[in-house]
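Here are my notes on the ligand site and the backbone of this model. Please read them with the structure open.

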Amino acid sequence: MTINFTMSDEQKKLQYEVRAFAENVLKPVVAVADAEPDPLKGFQLTKPAYVEAYKAGIAMCMLPAQYGGGGVSCVDLVIAAEEICVVDPGFACTVLCNGLGLMPVAWYGSEEQKERFLRAATSDPTGEYLGGWTASEPPGNPSGTANFDIPLPRPAGVGLTAVRDGDDFVVNGRKYWPSSAGWDEQGVNSGTLIVRTDSEKGGTEGLSALVLERGTPGVTYRHLDKVGHRLASNAEIVFTDARIPAANLLPGAEANGDLVINRNFAWSGPVAAIAAVGMARAAYEMALEFAHGNTAGAVRPIIGFQNVGYVLGDVASKIEMGRYFSWRAADYLDKHDQHAELVGAMNKIQVTELMFDCVYKCMQIVGVNSLETKNGFGKILREAAVLPIYDGGNMGMQRRRVHGLLADPMFNPRAIMEDDYVKFEKHHEAIDTVVG
Ligand SMILES: Cc1cc2nc3c(=O)[nH]c(=O)nc-3n(C[C@H](O)[C@H](O)[C@H](O)COP(=O)(O)OP(=O)(O)OC[C@H]3O[C@@H](n4cnc5c(N)ncnc54)[C@H](O)[C@@H]3O)c2cc1C
């Protein structure tokens, strides 16, 4: 049998255990952390739950088993992620960033770097270890993130420069939005940093990836306040003549930082998509319960109205579609060496946008009472709104990658259906980066 939607006993166990963690350990923290006005304090409130997740093997489950990680498949990661996301996708984002920060080390690092960084990440006795993915840049003119592969020298594209000086790179500039500030605004333990190693070249030649470690002199962090994913940490990071050892350059990523970005934000696509499924699932279950228990002044509960039944039926079907596409995109990653630049993007774009619409449809069914804070739809709406925008925005980065592949005359439109490996290469990049 080659197509099988039945979970194995191990997958059911994983789902059960992660659901128990989310319900029993994470859920009690969510409301108070979400309501905390100070984003650093809010993040710190999640630390005990994070430590439990680390000790239960959840926080580093995606890292290769060879270096002490859980070595779970991408399909298993998505099954587990849904159970955390339905309770709080911001917390799930913290766990996801361990993968975004450290999988590039597994993919592009030397054996020595894998032993040094991945082993440390998976063997922290305190359970507080955090990985960070530091790619995004501040808004402004010039600045931003979406056109990182623009084929023009600075000031276009990535602005954080890394200039080789002896045994170090000297790094200057700013990042904005990454998950890298850590529990105390002194930085996460380690993670991947995208830098401009050649300012004269465009984004397809001039970018590289370094491992940024906690305690690097010349780096400061400040947490950002935001409307959704308040349990996740996001920061402004300023580099002032920061010195990062040249030994932290990921060899496979030298002049290939662009490919790291594209691969990474597609690897995480199914996790973002399943986060959206989790949000729509939460809204749907609440709306269905409301529809069975409220008459809105009519004689019988509103579930008896045709419109209510049709809309909730559509929502339920779309949630199933979103879940199966996410499983399939993860399956594609598992089959193709954790590459899914095309299907990971397609999955993330379509499912996050469809699920946002589902959340809002559920609110329309519940009506005005969905707007009262205590009923919980507002938080779900805030969380669902993040998902099409974060993790490589759907409008710029993700759709551009799909466009770049489809514009290739050699592109096989049946590739995904036939399970072909769609190789994403530099000639697929830079599309739509120059307005006009
Ligand atoms: C909860 C959360 C966690 C995050 N974690 C991380 C992290 O760990 N590491 C990290 O590096 N970043 C992180 N980010 C940032 C996130 O990945 C963003 O997706 C990324 O910064 C790009 O944002 P953007 O697409 O809005 O790009 P911007 O460059 O800010 O572009 C703004 C908008 O301009 C438009 N646009 C720009 N260029 C084009 C184009 N060529 N074609 C069409 N439209 C275009 C799009 O509408 C786009 O959304 C996080 C963000 C959030 C909210």
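1. Basis. This is a predicted model, in which local features need pLDDT of at least 70, side-chain atom pairs count only at pLDDT 80 or more, and totals for chains, interfaces and linings use all residues. Residues are numbered from 1 along each chain as its sequence is written, and side-chain values use heavy atoms, with hydrogens and water left out.

2. The ligand takes up the space of the largest pocket. (A pocket, on a 1 Å grid over the protein atoms alone, is an open set of points where a 1.4 Å probe fits, with protein on both sides within 12 Å along at least five of seven lines. A molecule sits in a pocket if more than half of its atoms lie within 2 Å of its grid points.) Domain 2 (133–254) and domain 3 (268–428) both give residues to the shell, so the ligand lies between them. Those bounds come from an automatic or database domain assignment.

3. The shell. There are 25 residues around the ligand, each with a heavy atom within 4 Å of it. Trp133, Ser136, Thr145, Asn147 and Asp432 come nearest. By class, twelve are nonpolar, ten polar and three charged. Gly counts as polar here.

4. Elements in the shell. Helix H5 (89–108), strand S1 (131–134) and helix H12 (394–406) each give two or more residues. H12 gives the most, with three. Helices (H or I, at least four residues) and strands (E, at least two) are DSSP runs, numbered from the N terminus.

5. Polar contacts (N or O pairs within 3.5 Å). A backbone N or O atom of Ala135 is 2.9 Å from a ligand oxygen. The side chain of Ser179 has an N or O atom 3.0 Å from a ligand oxygen. For a polar backbone atom of Gly393, the distance to a ligand oxygen is 3.2 Å. The protein covers 73% of the 970 Å² of accessible area that the ligand has on its own (Shrake-Rupley method, 1.4 Å probe).

6. Backbone points to check. Most residues other than glycine have a negative phi, and most peptide bonds are trans. The bond from Asn141 to Pro142 is cis, with omega near 5°. The bond from Arg154 to Pro155 is also cis, with omega near 10°. Pro142 lies in the loop between S1 and strand S2 (161–165), and Pro155 is in the loop between S1 and S2. Glu185 has a positive phi, near 60°. Glu185 lies in the loop between strand S3 (168–176) and strand S4 (190–196).

Key: Polar contact = N/O pair within 3.5 Å; in protein donor to acceptor, adjacent residues only side chain to side chain. 1 Å grid on protein atoms, 1.4 Å probe; cavity = no way out; pocket = protein on both sides within 12 Å on 5 of 7 lines; lining within 4 Å.
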